[in-house]
Amino acid sequence: MNLLRPDLIPPGRRNFPKTMAKFRNLLGSILNEFTQAQHQANDYASRLGKQYAENDLLRYFKIPNAYVDGLRFDLRFAVNPGAEAEKITEVNYRQLMQFFTQLAVSITETAITSVLYASEESVVSGFENYRKLREKEQVLKTDFRDYLSGILRKALVEKAINEVDPDGNPDPDKIFEIAMEVLHRKFFQHPELNLSGNMPGQGLSQEVIENCSSFVSTLIRHSCKSVNFLETRESEVIDVSIDADSLSKVAPENIQRIAFDVNLRNYQVSKMDTEQGSADCIIPAEH
């Protein structure tokens with residue numbers, strides 16, 4: 001079961017259904033063919049470019065390339081009687097995004113509180129490493145909390161949005177992995193916070209990090225255990241006939257016609273600077 005795009009038509013499917021086609025599948029097939037046609041043209045032009053570059057004569061010619069900016073077509077169809085509803089089960093991404101937002105705040109507050117608690121314990125025990133941390137308590141619980149939870153939410157949306165199993169349950173191990181990566185990079189080793197009280201950027205002790213990790217892990221597992229993001233709803237199925245033989249048996253006044261004007265949504269590969277360095281990214285193409 002494809003939870004993300006249940007109506008996706010496999011790229012290899014070339015023939016439209018002849019009768020009783022679901023309308024969304026019909027349109028999906030047409031749009032898929034449109035995209036595949038442009039892809040094949042681009043791929044062929046790319047191979048031609050390599051041939052031209054290696055030929056002393058052809059290299060001075062322009063590389064031929066056909067580009068389809070849009071597609072216009074008329075679709076004639078007849079709606080068959082007896083339309084019925086079917087049950088569709090899919091992930092409710094609106095609820096999942098809300099869950100990530102709330103969880104990001106809870107993880108951030110848990111991490112900050114656990115570090116501040118470790119600070120108290122260390123000071124009581126006679127260690128001075130965390131004494132200056134108390135001076136940062138107010139900013140940690142306000143501005144820095146909002147800053148860190150925002151980064152954490154973005155990381156969860158980008159990396160955990162598809163980490164939902166077929167039963168609709170989020171993966172606590174993956175969420176924990178993402179959360180700890182953010183906490184290490186943006187909290188434990190934050191150069192301006194100097195949480196250890198030692199040299200700037202040295203970070204927290206391993207014991208404090210392990211205690212914080214334990215609290216965060218418990219929070220995530222408890223939160224993931226109490227949620228499920230599968231949603232079942234009814235969707236009306238419109239059965240249509242589109243082949244000539246079927247349409248010939250339908251009264252002309254019952255044949256429907258829709259005019260479509262479809263444009264390609266183009267993307268391109270571009271270099272983008274990230275904190276880990278330069279990386280290839282898919283972005284909307286420039287016009």
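The model is predicted, so local features were required to have pLDDT of at least 70 and side-chain atom pairs pLDDT 80 or more, while totals for chains, interfaces and linings use all residues. Residues are numbered from 1 along each chain as its sequence is written, and side-chain values use heavy atoms, with hydrogens and water left out.

In soluble globular proteins, nonpolar side chains tend to be buried together. A nonpolar core is defined here as a set of buried Ala, Val, Leu, Ile, Met, Phe, Trp, Tyr and Cys residues joined through side-chain atoms within 4.5 Å. Buried means under 20% relative accessible area, exposed means over 50%, and partly exposed lies in between (1.4 Å probe, protein chains only). The largest nonpolar core has 37 residues, of which Ile 107, Ile 175, Leu 183 and Phe 187 touch the most other members. Two or more residues of this core come from each of α2 (93-124), α4 (143-160), α5 (172-188) and α6 (206-225). Helices (H or I, at least four residues) and strands (E, at least two) are DSSP runs, numbered from the N terminus. The most residues in this core, 11, are given by α2. A second, separate core consists of 11 residues, including Leu 26, Ile 30, Phe 34 and Leu 264.

Contact means heavy atoms within 4.5 Å. Not counting residues up to four places away in sequence, Leu 183 touches Ile 107, Ala 111, Leu 148, Phe 188 and Val 216. Ser 149 is found in helix α4 and counts as buried, at 10% relative accessibility. With the exclusion of residues up to four places away in sequence, Ser 149 touches Ala 104, Val 105 and Thr 108.

Helices α5 and α6 pack at an angle of about 140°, and their axes are 10 Å apart. Axes are lines fitted to C-alpha atoms, for helices over the stretch in contact, and angles run from 0 to 180 degrees between N-to-C directions. Among the residues that meet in this pair are Ile 175, Phe 176 and Leu 183 in α5 and Ile 209, Val 216 and Ile 220 in α6. The residues of the contact divide into 12 nonpolar, three polar and two charged. In this division, Ala, Val, Leu, Ile, Met, Phe, Trp, Tyr, Cys and Pro count as nonpolar, Asp, Glu, Lys and Arg as charged, and the others, Gly among them, as polar.

Nine salt bridges were found in a search of the whole structure, a salt bridge being a side-chain nitrogen of Lys or Arg within 4 Å of a carboxyl oxygen of Asp or Glu. Arg 221 forms a salt bridge with Asp 173, with the closest N and O atoms 2.4 Å apart. This pair links distant parts of the chain, as Arg 221 is in helix α6 and Asp 173 in helix α5, 48 residues apart. Arg 221 is partly exposed, with a relative accessible area of 43%, and Asp 173 is partly exposed at 44%.

Arg 47 forms a salt bridge with Asp 43, where the closest N and O atoms are 3.2 Å apart. Because Arg 47 and Asp 43 are four residues apart in helix α1 (residues 23-54), about one helical turn separates them. Lys 249 and Asp 245 also meet through their side chains in a salt bridge (3.8 Å, N to O). Lys 249 is exposed, with a relative accessible area of 67%, whereas Asp 245 is partly exposed at 49%.
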